[in-house]
Amino acid sequence: MSGQLLTWLSVLAFLLGFIALVLEIFVVPGFGVAGMAGIILLAWGVLLLAVDFTQATAALVVALALTIVVFFLGLKFMSRLNLWQRLTLGTRLEKDEGYVAGQVDLGHLVDLTGVALTPLRPAGTAEIAGRRLDVVTSGEYIPAGAKVQVVRVEGSRVVVRRTDYI
């Protein structure tokens, strides 16, 4: 393979790897195929430009080490300029300030019946004993307007099943 073709092939691999990483970060959530393809293409681009394998491996190790150093310096820079506080929520809901999480005991609802106000697939809303509650089923779909019965209560989770079958 000619030297000029090899140079263009390595530039193409490097650019495709960069594009794949940008797609992974901004378009495709998670760390999947695009991220792995980007890393592999970037490494392949570096290997194609290298004179020998040892030089390429050394370049990749140096690049990885520099990336780690730049990452930690960036974290330190963000903390000094309070950039991290701009990205995170600084307020807390404390008990001293009046915030109390709901501790309602729903155990008395077991075996009571009600009506599904929204489709339960498997979660939704039902009216039971005159109260509007968030409920779940055991996995089955229940249409809105169907009669439901409370099977069990697990903390704040109310599990229902359909009682009227058309």
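**Labels and their grounds**

Tutor: In this predicted model, the centres of domain 1 and domain 2 are 51 Å apart, taken over C-alpha atoms.

Student: Which residues make up domain 1 and domain 2?

Tutor: Domain 1 covers 3-85 and domain 2 covers 107-162. These bounds come from an automatic or database domain assignment.

Student: What is the secondary structure of the chain, and what pattern does it follow along the sequence?

Tutor: There are 4 helices and 5 strands. Read along the sequence, the pattern is α-α-α-α-β-β-β-β-β.

Student: Why is the chain called more spread out than a compact globule?

Tutor: The globule rule gives 15 Å for 166 residues, and the radius of gyration is 29 Å, well over that value, so the chain is more spread out than a compact globule. The C-alpha atoms fill a box of roughly 80 × 50 × 20 Å along the principal axes.

Student: What share of the contacts between residues at least 6 apart in sequence joins residues at least 24 apart?

Tutor: That share is 36%.

Student: How many positive and negative side chains are there, and how far apart are the centres of the two sets?

Tutor: The chain has 13 positive and 12 negative side chains, with 3 Å between the two centres.

Student: What makes Asp 111 stand out in its phi, and why is Asp 111 called exposed or buried?

Tutor: Most residues other than glycine have a negative phi. Asp 111 is not a glycine, yet its phi is positive, about 75 degrees. Asp 111 sits in the loop between helix H4 (83-87) and E1. Exposed means over 50%; Asp 111 has a relative accessible area of 53%, so it is exposed.

Student: How do you know on which side of the cut-off Ala 129 falls, buried or exposed?

Tutor: The relative accessibility of Ala 129 is 53%, so Ala 129 counts as exposed. Its phi is positive too, near 55 degrees, in a residue other than glycine. Ala 129 lies in the loop between E2 and strand E3 (131-136).

Student: What is the omega of the peptide bond from Arg 121 to Pro 122, and where is Pro 122 found?

Tutor: Omega is near -15 degrees, and the bond is cis. Most peptide bonds are trans. Pro 122 is in the loop between strand E1 (113-116) and strand E2 (123-128).

Notes: Residues are numbered from 1 along each chain as its sequence is written. This is a predicted model: local features need pLDDT of at least 70, side-chain atom pairs count only at pLDDT 80 or more; totals for chains, interfaces and linings use all residues. Side-chain values use heavy atoms; hydrogens and water are left out. Helices (H or I, at least four residues) and strands (E, at least two) are DSSP runs, numbered from the N terminus. The radius of gyration is taken over C-alpha atoms; the globule rule is 2.2 Å times the number of residues to the power 0.38. Contact means heavy atoms within 4.5 Å. Lys and Arg count as positive and Asp and Glu as negative; His and the chain ends are not counted. The place of a charge is taken as NZ of Lys, CZ of Arg, CG of Asp or CD of Glu. Buried means under 20% relative accessible area, exposed over 50%, partly exposed in between (1.4 Å probe, protein chains only).
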